[in-house]
Amino acid sequence: MTIETLIAHYGFAAIFVGAGVEGETSVVAGGVLAHRGLLPLWSAGLAAATGSFFADQLFFAAGRYFRDNRRVKKMEQRPAFAKALVMLEHHPILFIMGFRFLYGLRTISPMAVGTSQVRARTFLLLNGLAAILWGALFTGIGYGFGGGIERLFGDNVSVSSLLPIATLVVVVLFGVAQAVRWLHHRHADHCVERAAAKRTAEA
């Protein structure tokens, strides 16, 4: 069975599961496949958004209602869990809207939010909005990227050859985002150190 046949039969389900479990690569691949006409673009975007939404609601529920579970307690011991709680405390709305885009915090963050004082209704609304934005963004990246590759190499490029390239694009995008984030935090820490040194000197 060819990949085109598999996608024709299971495309929506595959993107739905992939968005919740694997993440951006599946969603970008869905956009590429939509560009090739194997899936409707709206279907690929909807599958990405709903898959991400339901997965994060499940993780939130685990943190909210099963905090004494052994697996949840094990997650709480990870440094990323404490980091997520600190970021949530300082910028709750921005963090809930943006944790999908933070490498290393994608899965653990909704569980951390579940253990906090954030209301379930608030998380539901923000999570839904963030999932729509995330799904539309990465599906759009895949859709646009597929068009760019075809303009460069022609229409004979196979779907199976596009997917690894799309994966590489996602990795590069995340690498750039993490580099910018690291530089921002380094600059902020430097400013804090300078301010502290200045106060000490004035004293």
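This is a predicted model: local features need pLDDT of at least 70, side-chain atom pairs count only at pLDDT 80 or more; totals for chains, interfaces and linings use all residues.
Local features were taken at pLDDT of at least 70 and side-chain atom pairs only at pLDDT 80 or more, while totals for chains, interfaces and linings use all residues. Residues are numbered from 1 along each chain as its sequence is written, and side-chain values use heavy atoms, with hydrogens and water left out.

The chain contains nine helices and zero strands. Helices (H or I, at least four residues) and strands (E, at least two) are DSSP runs, numbered from the N terminus. The pattern along the sequence is α-α-α-α-α-α-α-α-α. Of the 203 residues, 39% are buried. Buried means under 20% relative accessible area, exposed over 50%, and partly exposed in between (1.4 Å probe, protein chains only). The accessible surface of the chain is about 12,000 Å². Carbon and sulfur atoms hold 66% of that surface. Areas come from the Shrake-Rupley method with a 1.4 Å probe; for residues, only the protein chains shown count as cover. Contacts are defined by heavy atoms within 4.5 Å. Among contacts with a separation of 6 or more, 80% link residues 24 or more positions apart.

The largest nonpolar core has 21 residues. Such a core is a set of buried Ala, Val, Leu, Ile, Met, Phe, Trp, Tyr and Cys residues joined through side-chain atoms within 4.5 Å. L88, F95, I96, M111, V113, V118 and F123 have the most contacts inside this core. At least two residues each come from helix 3 (41–65), helix 4 (70–76), helix 5 (79–90), helix 6, helix 7 and helix 8. Helix 7 gives the most, with four residues. Another core, of twelve residues, lies apart from the largest one. Its members include I15, A19, V27 and W134. In soluble globular proteins, nonpolar side chains tend to be buried together.

M111 illustrates the contacts made by a residue of the largest core. Not counting residues up to four places away in sequence, M111 touches F59, F60, A62, G63, V72, M75 and F81.

A44 lies in helix 3 and is buried, at 2% relative accessibility. T139 lies in helix 8 (residues 120–153) and is also buried, with a relative accessible area of 3%. Beyond four places in sequence, A44 touches I15, G30, A34 and T139. A44 and F12 are 32 residues apart along the chain, yet their C-alpha atoms are separated by 6.4 Å.

One salt bridge was found in the whole structure. A salt bridge requires a side-chain nitrogen of Lys or Arg within 4 Å of a carboxyl oxygen of Asp or Glu. R100 pairs with D56, with the closest N and O atoms 2.9 Å apart. R100 lies in the loop between helix 6 and helix 7 and D56 in helix 3, so the pair ties together parts 44 residues apart in sequence. Both partners are buried: R100 has a relative accessible area of 1%, and D56 is at 0%. Side chains of opposite charge can pair when their charged atoms come close.

R100 also makes a side-chain polar contact of 2.8 Å with S52. A polar contact is a pair of N or O atoms within 3.5 Å; within protein, one must be able to donate a hydrogen and the other to accept it, and residues adjacent in sequence count only if both atoms are side-chain atoms.
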